[in-house]
Amino acid sequence: MRKHALAVEAVMKDYARRLGEDEGKWALVGLLHDFDYEMYPDPPDHPLKGSEVLGARGYGDDIRRAILGHANYTGVARDTQLARALYACDELTGFVVACALVRPNGIWDLEAKSVKKKLKDKAFARTVNRDEVYEGAQEFNVDLGEHIDFIIAALRQAANEVGLKAATQAGA
């Protein structure tokens with residue numbers, strides 16, 4: 001769970017930089033979005049109970065709403081760029097990490113076309129909701145292939161922190 005949080009944090013921070021948004025806030029949302037999952041793994045507790053904890057600790061409504069919006073069943077609209085980014089990055093980042101973990105060179109030679117092919121294989125990483133992957137890219141208004149490429153690039157920069165092979169380990 002921690003590695004997933006760190007991976008989404010890295011991707012969100014890079015998107016914030018690209019879009020001229022607040023890198024610290026976007027990174028924080030990526031890092032915190034599933035912090036309560038191990039305590040409350042069942043819907044609707046996750047992320048509703050986590051949002052209550054964050055509210056009690058003084059986190060703003062924009063951060064809490066973005067986190068609530070990453071779960072469709074909360075009914076919280078993704079009405080900000082931050083919320084749409086988190087939704088677009090969460091499932092797909094986890095899926096890209098899964099793709100990298102089964103490759104001999106990890107993330108270092110992974111390409112969008114390979115990720116798209118794996119998305120069609122329902123047996124691979126079967127807990128990843130493919131509908132949310134496609135819906136997220138559409139809501140965030142990004143081409144899926146370009147979005148995958150962006151996530152791959154962000155994960156390469158954070159490879160050591162998120163548990164992916166270092167470039168020297170992968171032979172790159």
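**Notebook: a look through a helical model**

**Thr74**

I started at one side chain: that of Thr74 reaches the backbone nitrogen of Val76 at 3.2 Å. I note at once that this is a predicted model. The Thr74 side chain also reaches the backbone oxygen of Leu68, at 2.8 Å. I placed Thr74 in the loop between helix H4 (61–69) and helix H5 (81–101). Is Thr74 buried or exposed? I find it buried, because its relative accessibility is 18% and the cut-off for buried is under 20%. I then listed what Thr74 touches, leaving out residues up to four places away in sequence: Pro47, Leu48, Leu68 and Gly69.

**Overall fold**

I stepped back to the whole chain. I count eight helices and zero strands. Read along the sequence, the pattern is α-α-α-α-α-α-α-α. The C-alpha atoms fill a box of roughly 45 × 30 × 30 Å along the principal axes. I checked the radius of gyration against that of a compact globule. For 172 residues the globule would have a value near 16 Å, and the protein has 15 Å, which agrees. Buried residues make up 45% of the 172. I also looked at contacts between residues at least 6 apart in sequence; 62% of them join residues at least 24 apart.

**The nonpolar core**

Next I looked at the largest nonpolar core, which has 48 residues. Which members touch the most others? I wrote down Met12, Leu92, Val96, Val115 and Leu155. Helix H1 (2–19), helix H2 (23–32), H4, H5, H6, H7 and H8 each supply at least two residues. H5 gives the most to this core, with 13 residues.

I followed up Leu92. Beyond four places in sequence, Leu92 touches Val115, Val133, Leu144, His147, Ile148 and Ile151.

**Helix H6**

Val115 took me to H6, residues 112–120, where I find Ala112, Val115 and Leu119 buried. These three cover an arc of only 60° around the axis, which puts them on the same side of H6. The spacing makes sense: an α-helix has 3.6 residues a turn, so residues three or four places apart point the same way. I checked the face turned away from the buried side. It carries exposed lysines: Lys113, Lys117 and Lys120. The buried residues of H6 pack against H5, helix H7 (130–140) and helix H8 (144–157).

**Helix H2**

I then turned to H2. Trp26, Ala27, Val29, Gly30 and Leu32 are buried there. Their cover includes H1, helix H3 (45–56), H4 and H5. Asp22 caps the N-terminal end of H2, with a side-chain oxygen 3.0 Å from the backbone nitrogen of Gly24.

**Cysteines**

I searched the whole structure for disulfides and found zero. Cys89 is in no disulfide; its nearest cysteine sulfur, that of Cys99, is 15 Å away.

I checked peptide bonds next. The bond from Pro43 to Pro44 is cis, with omega near 0°. Pro44 sits in the loop between H2 and H3. A cis bond also joins His46 and Pro47, with omega about 5°.

Ala125 has phi near 45°. I find Ala125 in the loop between H6 and H7, partly exposed at 24%. Asn141 has phi near 60°. Asn141 belongs to the loop between H7 and H8 and is exposed, at 69%.

**The segment after H8**

Last, I looked at Glu161, in the segment after H8. Which residues does Glu161 contact, neighbours within four places aside? I noted Lys3 and Leu6. The C-alpha atoms of Glu161 and Ala7 are separated by 7.9 Å, though the two residues are 154 apart along the chain. Glu161 is partly exposed, with a relative accessible area of 48%.

Technical notes
Residues numbered from 1 in each chain as written. Predicted model: local features only at pLDDT ≥ 70, side-chain atom pairs only at ≥ 80, totals over all residues. Heavy atoms only, no water. Helix = DSSP H or I, 4+ residues; strand = E, 2+ residues; numbered from the N terminus. Buried < 20%, exposed > 50% of the residue type's maximum accessible area, 1.4 Å probe, protein only. Polar contact = N/O pair within 3.5 Å; in protein donor to acceptor, adjacent residues only side chain to side chain. Contact = heavy atoms within 4.5 Å. Arc of directions from axis to C-beta. Disulfide = S-S within 2.5 Å. Core = buried A, V, L, I, M, F, W, Y, C linked by side-chain atoms within 4.5 Å. Rg over C-alpha atoms; globule rule 2.2 N^0.38 Å.
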